[in-house]
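Hello,

Here is the structure I promised to pass on. Have a look at it first, and my notes follow below.

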Amino acid sequence: MAGSSLVVLEEDHTRFIALLDRLREESNAKFAFLLDRAGQQIAAAGALEASDPTALASLTAGNVAATEGLAQIIGENKFSTLYHEGENDSLHISLVSNKVILLVIFDEHSSLGLVRLRVKQITQDLGRVLDELMTRSDSQVSGSAVSSNLFEEISDEDIDALFG
Amino acid sequence: MTFINYAAREINCKIVYYGPGLCGKTTNIQWVHDKTRTEAKGKLISLATETDRTLFFDFLPIELGSIRGFRTRFHLYTVPGQVFYDASRKLILKGVDGVVFVADSQEMRMDANIDSVQNLRENLKDHGFDLDTVPYALQLNKRDLPSAVSADEMTKALRVKNEPVFEAVATQGRGVFDTLKAIVKLVLLDLRGR
C-alpha cells in the first residue's frame with residue numbers, strides 16, 4: 001500500500017521466531033525465513049551458513065514477483081508454491097496470506113513432502129500473527145501511532161548526521 | 001513500504017533508480033558500492049545479461065547509521081531500462097519508498113527520457129503510488145558528453161514537481177552521492193510527515 005509502513009514489534013518477532021523454529025524442527029529443515037514481498041527480512045530461524053540473508057531475501061522476493069508475472073501471463077492467478085531442487089540443498093517458497101513469503105531451505109535430512117506438509121500446517125498460525133500485525137500497521141489508532149512516534153522524534157540534524 | 005523492525009531496531013526503506021536503457025542506473029549503484037565502506041554495505045547483486053545489460057535488477061543494501069537508536073538501512077534497486085522489460089520494471093517498484101530518475105543527457109536520448117518518466121508514472125500508479133507525491137529526485141547524468149543537452153532544457157523537459165535536480169557524471173562518481181543523500185533525506189522527511 002502506498003505510503004504505509006510495516007511495523008514489527010518485539011512480541012511479533014518473538015512469535016514469528018517461535019513458529020519458524022517449530023516449522024524447522026518438525027520439517028527437519030536447515031533454515032526457515034519470513035520476508036515481505038519487497039524483500040525485507042522479517043524473521044528467521046536456523047543457520048544459513050555462508051549465505052547472505054539480505055541478498056537471499058531480495059532474490060527470493062524477485063523470484064516470487066517474476067513467477068507471479070509468469071503465472072498471470074498464462075492465465076493463472078499465481079503459483080502457490082515454488083520449489084528449487086539443488087544437488088545438496090533445496091528451496092521451498094510459499095506465500096502466507098498472500099502478504100509475506102516463507103522460504104524453507106532443506107537438505108537430504110528432510111523431503112519435499114514433509115516440508116510441504118509442515119508449511120501447510122504452520123501457515124495458518126503465521127497468517128494469524130500476520131493479520132494482527134497488518135491490522136495494527138494499518139490502524140489509525142495504534143499502528144501508525146507506533147511508527148509516527150519514532151519518526152516525529154527525528155530532527156533535521158539527525159538526518160544530516162547520517163552523512164557525517 | 002518502509003519496514004520498521006523494533007526487535008532488530010531497524011528502519012528499512014527501498015529506493016529504486018529508474019530511467020531509460022544505458023542512462024547510468026547501474027553505474028550509480030556500482031559507484032555507491034565501490035565507495036561505501038565495507039561494514040556499511042552488503043553484497044551487490046546484479047542480475048544481468050551476458051553483455052552486462054540489467055536483466056532484472058541490481059540490488060545493494062547500505063546502512064547509513066542510526067537515528068534514535070534505530071539503524072537506517074536502505075535497499076537500493078535499479079530497474080532494467082530497455083523498453084521491452086516493462087513487466088520487470090513494474091515488479092521492482094513494489095513497496096518503493098523513494099525514486100531516483102536517472103536521465104541520459106545526450107540529445108538523442110531525450111525522447112527516451114521523456115517516455116521513461118511517463119512509464120514511471122504509469123507503473124507507480126499501478127502500485128497505488130502517485131509520482132507527484134512519492135519522494136523523488138532527478139539526476140541529469142552524462143554531463144561530460146559533448147552532445148549533452150543543457151541542464152536548463154533537461155530540467156524543463158523532465159522535472160515533474162519541485163524535486164531536487166543533480167548534474168552527474170556517474171562513471172566518475174560526480175553527483176552520485178549528492179543524489180543518494182537527497183533521496184534518503186526526502187524519504188526520511190516523508191516518513192516524518194506521515
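Which residue of β1(B) does Leu6(A) stand opposite? Leu6(A) faces Phe3(B). The two strands concerned, β1 of chain A (residues 5-8) and β1(B), pair in the parallel sense over 4 bridges. Strands count as paired if DSSP finds at least two bridges between them; helices (H or I, at least four residues) and strands (E, at least two) are DSSP runs, numbered from the N terminus.

Before you go further: this is a predicted model, where local features need pLDDT of at least 70 and side-chain atom pairs count only at pLDDT 80 or more, while totals for chains, interfaces and linings use all residues. Residues are numbered from 1 along each chain as its sequence is written, and chains are lettered from A and ligands numbered from 1 in the order in which they are written.

On the interface, 36 residues of chain B are in contact with 37 residues of chain A (contact: C-beta atoms, placed from the backbone, within 7 Å). Several elements of chain B each supply at least two residues to this side, among them β1 (2-5), β2 (10-18) and α5 (176-193). The most comes from β4(B), with 7 residues.

Now for chain B itself. It has 5 helices and 8 strands. Its radius of gyration (over C-alpha atoms) is 16 Å, close to the 16 Å from the globule rule (2.2 Å times the number of residues to the power 0.38) for 194 residues, so chain B is as compact as a globular protein of that length. Along the principal axes, its C-alpha trace spans about 50 × 35 × 30 Å. Buried residues make up 51% of the chain; buried means 20 or more other C-beta atoms within 10 Å of a residue's own, exposed 12 or fewer, and partly exposed in between, with C-beta atoms placed from the backbone.

The buried residues of α5(B) include Val176(B), Leu180(B), Val184(B) and Leu188(B). By contrast, Asp152(B), in helix α4 (residues 151-158) of chain B, counts as exposed because it has 9 C-beta neighbours inside 10 Å.

Over in chain A, strand β3 (residues 41-46) has 5 of its 6 residues buried, so it is largely enclosed by the rest of the structure. Strand β2 (residues 31-36) of chain A pairs with β3(A) in the antiparallel sense over 5 bridges, and Leu34(A) stands opposite Ala43(A) there. Their hairpin has 4 residues between the strands, and Gly39(A) takes a positive phi near 95° in it.

Best wishes

Key. Contact = placed C-beta atoms within 7 Å.
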